[in-house]
Amino acid sequence: MRALTAGLLVAFVVGLAAAGGVALTGVTGDAELAPIWISDTGRDVSANHHAPAFADGTVFAPVSSDDDEAGSCALYALDAGDGGVRWRYPLPAANCTIHSVADPAVADANGDGEPEVLAATTERELASFDPETGEKTAAHPLPNYGYTRPIVADLAPSPGRETVVVDTTGTVLVLTRDGREAWRVPFGAYTFAQPSVADFDADGSPELLVAARDGTVALLEGTGETRWRLSGVGSVSWATVGDVDDDPAREAVLATIDGRVVAIDGRDGRVEWRHDGGEFAFASVHALDDGDGDGTTEVYVATRDGRITALSADSGAVEWRTTLVAEGMRMMPPPSMGDLDGDGGPELLAPANDGTVSVVDPATGDVLATYGRDASIFTHATLADVDGDGDEEAVVVYADGRVVALDYRS
């Protein structure tokens with residue numbers, strides 16, 4: 001067991017036979033991170049790595065496998081109260097792979113005033129589902145399977161909002177609300193980092209930012225034209241966006257598999273700073289916010305050596321560094337930020353590849369509580385008020401296909 005870093009922490013172990021693992025709780029005072037429920041969606045697999053979505057009392061969880069048994073890969077709708085299965089959409093056995101269902105989104109894509117569940121799958125389509133019944137209501141073919149979460153936003157000049165989907169080989173498709181293809185751009189490189197839509201250059205109109213594994217980053221106008229294009233950034237696997245300085249433009253913060261973190265100005269693609277975490281660090285990012293309340297933004301970086309590092313987002317300077325896992329991991333998923341205890345202040349929710357999930361003080365890096373299972377984690381948690389108590393809970397997809405809802409009590 002690793003040592004926790006928040007003062008005098010006491011760990012205890014409670015068996016969880018149904019989950020095939022254990023719960024570990026690091027306690028400072030009465031702090032506790034405990035499961036509300038653990039889904040009955042386990043698989044004989046160890047590489048699930050797509051994050052769930054939440055809306056209206058339901059968790060929409062992608063569960064994949066490398067088993068060709070029919071129904072082994074599916075999109076699940078789970079009751080947010082107890083984790084029970086409300087419906088599932090099984091993929092054909094021929095399409096059941098570890099990437100069978102990408103990160104889902106819940107949004108009104110067709111403009112009818114009702115939300116849909118959107119997910120790209122290995123059936124090489126962007127599928128739309130009724131969130132109540134799981135009925136597939138629409139599908140648009142993709143050149144290849146999807147990896148990232150679809151985006152519904154007012155991007156293109158056409159009326160209403162559009163749906164943006166990027167397949168794994170980097171083809172960008174923008175679909176109108178009636179399902180027509182407004183435009184597509186073949187980006188031409190594997191794309192695993194989440195694309196983003198925002199007014200990056202502060203011109204009053206939104207743009208689409210895409211970053212690829214070949215080190216290319218591009219900002220596309222709502223018409224599909226390239227606003228700027230940058231190469232040589234590194235092999236990007238994670239991306240997050242926000243306002244990190246005093247100018248009106250938005251910035252993108254990218255993390256690469258060789259451990260670099262790069263901040264890029266959205267106005268012109270200029271590199272604002274670089275942080276090198278080491279040749280074998282394998283960096284990941286997700287949370288970008290003012291976690292310590294000092295008026296400046298931080299970006300929280302996870303690296304394969306088991307550490308979380310808080311960087312000043314306007315300069316890349318290190319503010320603090322905390323070791324969550326003493327041994328090196330295959331990778332470390334990035335932390336998420338939210339108000340987990342309802343006190344009005346943020347906490348970091350940091351999953352680790354060894355199966356632990358920690359609540360971390362974003363101002364100091366102190367670990368406040370920890371939970372763990374004997375299964376790996378490869379993606380960030382989704383934070384949402386799943387039990388309706390007014391604060392956020394963490395929904396974590398484990399590599400063995402189980403979904404765990406965790407509640408933090410400080």
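Is Ser196 buried or exposed in this structure? With a relative accessibility of 14%, Ser196 counts as buried, because the limit for that label is under 20%. This residue is found in strand β16, and, leaving aside residues up to four places away in sequence, Ser196 touches Ile151, Glu207, Leu208, Leu209 and Val241.

The mean pLDDT of the protein is 90, and 92% of its residues reach 70 or more. Where pLDDT is low, the predicted coordinates should not be read in detail.

A pair of aromatic rings is described by the distance of the centres and the angle of the planes. A search of the whole structure finds six aromatic pairs. One of them joins Phe60 and Trp87, whose rings are 6.1 Å apart from centre to centre, with 45° between the planes, and the pair is tilted. Phe60 belongs to strand β5 (residues 58-63) and Trp87 to strand β7 (residues 85-90), so the pair ties together parts that are 27 residues apart in sequence. Both Phe60 and Trp87 are buried. 

A further pair is made by Tyr147 and Phe192, with ring centres 4.6 Å apart and planes at 50°, and this pair is therefore also tilted. Here the link is between distant parts of the chain, for Tyr147 is in the loop between β11 (136-141) and β12 (151-153), while Phe192 is in the loop between β15 (181-186) and β16 (196-198), 45 residues apart. Tyr147 has a relative accessibility of 17% and so counts as buried.

The charged end of Arg229 sits over the ring of Phe187, at 5.1 Å from the ring centre, and the charged end of Arg373 sits over the ring of Tyr398, at 4.7 Å from the ring centre.

Arg373 leads on to Asp354, which touches Arg373 as well as Val325, Met329 and Ala375, when residues up to four places away in sequence are not counted. Asp354 lies in the loop between β29 (347-351) and β30 (356-360), and, at 31% relative accessibility, it counts as partly exposed. The C-alpha atoms of Asp354 and Pro333 are separated by 10 Å, and these residues are 21 places apart along the chain.

The strands themselves come next. Strands of a sheet pair through backbone hydrogen bonds, either parallel or antiparallel. In this structure, four strands form an open sheet in the order β8-β9-β10-β11, and their pairing is antiparallel. The edges are taken by β8 (105-107) and β11, each with a single partner strand, so one side of each is left without a neighbour in the sheet. From one strand to the next, the twist of this sheet averages 25°. Between β8 and strand β9 (residues 116-121), the antiparallel pairing runs over three bridges, and Ala105 stands opposite Leu118 in β9.

Another antiparallel pairing, over five bridges, joins strand β26 (residues 307-312) and strand β27 (residues 318-323). In this pairing Ala310 stands opposite Trp320 in β27. The two strands β26 and β27 form a hairpin with five residues between them, and Gly316 in the turn has a positive phi of about 85°.

What of positive phi values beyond glycine? Most residues other than glycine have a negative phi, and most peptide bonds are trans. Ala202, however, has a positive phi near 60°; this residue is placed in the loop between β16 and β17 (207-211), and, with 31% relative accessibility, Ala202 counts as partly exposed. Phe282 likewise has a positive phi, near 50°, and its place is in the loop between β23 (271-276) and β24 (284-289).

Conventions
Residues numbered from 1 in each chain as written. Predicted model: local features only at pLDDT ≥ 70, side-chain atom pairs only at ≥ 80, totals over all residues. Heavy atoms only, no water. Phe/Tyr/Trp six-rings, centres within 6.5 Å; stacked < 30°, edge-to-face > 60°. Buried < 20%, exposed > 50% of the residue type's maximum accessible area, 1.4 Å probe, protein only. Lys NZ or Arg CZ within 6 Å of the ring centre and 35° of its normal. Pairing = 2+ DSSP bridges. Axes fitted to C-alpha atoms, helices over the stretch in contact; angles between N-to-C directions. pLDDT = per-residue confidence, 0-100. Contact = heavy atoms within 4.5 Å.
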